[in-house]
Amino acid sequence: MMSIYLIVKNEVKRSMKDKKKLVITLFVPIIAVVFALLLNNIMKPSINLGIIDKDNSQIGTSLKTMASNIDGVKIGEAKEDTINTDLIIAKYVAVIEFDRNNQIKLYCLDNELKGTIQEITDNFIISNEVTGLQEILIKMKKESMNVTERSIGFILLTLIITCVFTACNIIKDKEEGTLKRYVLTPNASISYILGNFIFNFITTLFQIIISTLIIRILNLNLEINIFEFLLIGIIIAFIAASIATLIVSLVNTELKASLIASAFGMIMSLLGGSFLPLEKMPDGIKVISNISITKWIIVFTRSLENKSYTVQNYIPVIVIVLMSVALIITSLVLGKRKFV
Amino acid sequence: MIMDGFITLFDFGMKKRIKDFFIIGYGVMMPLFMIVILGYMASNYYTGKNGISSYYYYALVTAPLCTFLNSITLIYVAREESNYKCGERFMIAPISKISIVISKIIPSTISISIFNVVLMVACKLLFKVDFRGRFLEVILLLTILAFMSCAIGTFIGLCTKDFMTIKNFISTPILIMGVLGGSFFPIGSLGKVMEIVSYISPLTWINKGVFTMLNDNSIKIYIIALLLTLCLGILFTVGAIKMFKKEAFL
């Protein structure tokens with residue numbers, strides 16, 4: 001225990017020496033976490049429809065006015081020469097083109113959505129009422145994540161990457177021959193790795209606490225209360241620090257560690273549905289997504305949002321904690337190879 | 001005089017780069033893996049009508065991302081002499097600074113471009129990516145991007161003091177630029193603010209340029225992307241030549 005404490009103390013002292021690096025490693029993650037929340041607050045799920053109405057047709061103008069009054073529907077003036085690109089990069093989910101004879105041309109890459117929007121425009125011509133867009137919005141909201149869930153996904157991704165930077169000290173020690181000297185002391189290699197893990201966990205925890213305070217001061221809109229956010233933050237800090245410890249135990253260069261961390265974080269986020277909603281993904285991916293830590297964290301966040309505090313809802317947390325412990329044990333076993 | 005030793009260094013660099021594991025990895029293996037995985041994940045988001053499938057999308061956005069990631073390889077290539085402990089020989093040899101810098105950038109650009117051609121042909125055959133007769137234009141843009149990436153990598157490797165720190169952090173900004181450029185998922189739906197922010201990433205103009213050229217038959221954005229990428233490449237090359245000191249190899 002004493003040797004673990006000494007390693008942690010040494011790491012703290014070491015980090016204090018290089019002020020420039022300290023500022024980067026300590027505050028960049030905080031900025032990234034707050035930025036992720038701010039950005040996700042700006043990004044509200046909406047239906048972006050592009051309209052091309054060259055002749056200012058009556059039907060086009062009236063659809064524009066009525067649809068833009070619906071909360072969550074955004075109408076943009078699409079350009080004729082970039083219709084396909086705008087659809088491919090998802091600037092618009094569909095582009096509706098009106099001509100002088102009230103003829104409507106619809107462009108959409110999603111067959112199901114195309115059918116629904118076609119129905120909406122057909123109904124509009126008959127009844128002069130926009131019906132059906134709200135249903136698409138409700139379905140979209142159901143399928144995609146809300147601000148808090150998406151932010152939590154981004155925070156996990158960011159902290160996995162930044163934790164690896166801190167954990168890389170062990171790789172540096174290996175390169176500089178410190179580990180060779182350490183192995184000659186009566187202390188076990190386990191203490192060294194555990195000490196590094198604890199230091200990394202404490203650093204990440206500090207970043208989470210500061211981020212939480214900033215979120216509180218800025219009064220950012222979250223679907224969970226600040227203590228619940230802090231709880232999720234602590235869980236993220238624990239799993240991110242253990243993943244980082246495992247990565248640095250596996251590789252021998254800092255570059256490989258940072259690349260693996262980025263790739264791992266990205267895969268977890270993609271499988272967890274942080275970027276694209278899981279609902280529309282193939283069944284095979286839905287099954288594989290169960291291995292994603294991001295997904296479990298989001299499932300837990302959702303249960304906190306729904307104010308359901310049953311034991312069953314805490315299962316994802318138990319799984320994550322057990323997984324973190326398993327990762328640390330694996331790191332301790334694999335990390336021994338560095339001490340030669 | 002200015003280009004003393006260039007031919008020899010170029011020849012030597014070419015032989016090494018064409019079998020460089022990192023260049024092959026970023027050039028063919030990693031993009032193919034990403035296209036298969038991401039294309040499958042997003043297969044329900046595209047109908048495949050007019051040849052626009054998820055594989056089509058990811059083939060066109062992954063190639064620029066992986067080409068850009070080659071900047072990391074070039075940071076190492078730039079410091080090769082220092083790693084092989086032959087920096088002193090370079091100090092006393094009658095080789096100009098320009099030759100050293102250019103002989104790092106050009107062979108790497110050529111190698112990356114060769115692998116990009118292989119990748120694009122593989123995408124055409126495996127994922128039925130339709131280049132609509134603009135295959136050469138796509139390759140040209142990727143080649144200019146490869147030049148820019150090599151110039152940035154060489155600049156960081158040769159001219160920065162904190163090279164050791166930067167080399168570890170460099171993958172993160174490139175991946176962020178990848179996200180902003182839509183390399184992992186289309187970000188067009190994220191709103192106006194995000195659209196403006198995304199323009200800081202060269203991958204945004206490049207991807208948009210390729211898509212408008214192939215799907216909307218307009219080369220305006222393509223030309224802008226091409227020129228901006230080329231200018232950045234030249235800027236970093238000139239910067240590397242001006243700031244490089246042979247002592248960096250020691």
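How many helices and how many strands are there in chain A? Chain A has 15 helices and four strands. Both kinds of element are DSSP runs, numbered from the N terminus: helices are H or I with at least four residues, and strands are E with at least two. The model is predicted, so local features need pLDDT of at least 70 and side-chain atom pairs count only at pLDDT 80 or more, while totals for chains, interfaces and linings use all residues. Residues are numbered from 1 along each chain as its sequence is written, and chains are lettered from A and ligands numbered from 1 in the order in which they are written.

The overall dimensions of chain A come next. Its C-alpha atoms fill a box of roughly 90 × 45 × 40 Å along the principal axes. The radius of gyration of chain A is 25 Å, whereas a compact globule of 340 residues would have one near 20 Å. This radius is taken over C-alpha atoms, and the globule rule is 2.2 Å times the number of residues to the power 0.38.

Chain A is assigned two stretches as domain 1 (2-42 + 144-338) and one as domain 2 (47-142). The bounds come from an automatic or database domain assignment. Over C-alpha atoms, the centres of the two domains of chain A are 42 Å apart.

The strands of chain A form an open sheet. Their order is E2-E1-E3-E4, and the pairing is mixed. Strand E2 (73-77) and strand E4 (104-108) of chain A are the edge strands, each pairing on one side only. Two strands pair if DSSP finds at least two bridges between them. Strand E1 (residues 47-53) and strand E3 (residues 94-98) of chain A pair in the parallel sense, over five bridges. A:Leu49 has A:Ala94 in E3(A) as its bridge partner.

In chain A, 40% of the 340 residues count as buried. A residue is buried if 20 or more other C-beta atoms lie within 10 Å of its own, exposed if 12 or fewer, and partly exposed in between, with C-beta atoms placed from the backbone.

One residue of chain B was also examined. B:Leu142 lies in helix H7 (residues 135-159) of chain B. B:Leu142 counts as buried because it has 24 C-beta neighbours inside 10 Å. Neighbours within four places in sequence aside, B:Leu142 is in contact with B:Ala63, B:Pro64, B:Thr67, B:Ser113 and B:Asn116. Contact requires C-beta atoms, placed from the backbone, to lie within 7 Å.

Key
Two residues are in contact if their C-beta atoms, placed from the backbone, lie within 7 Å.
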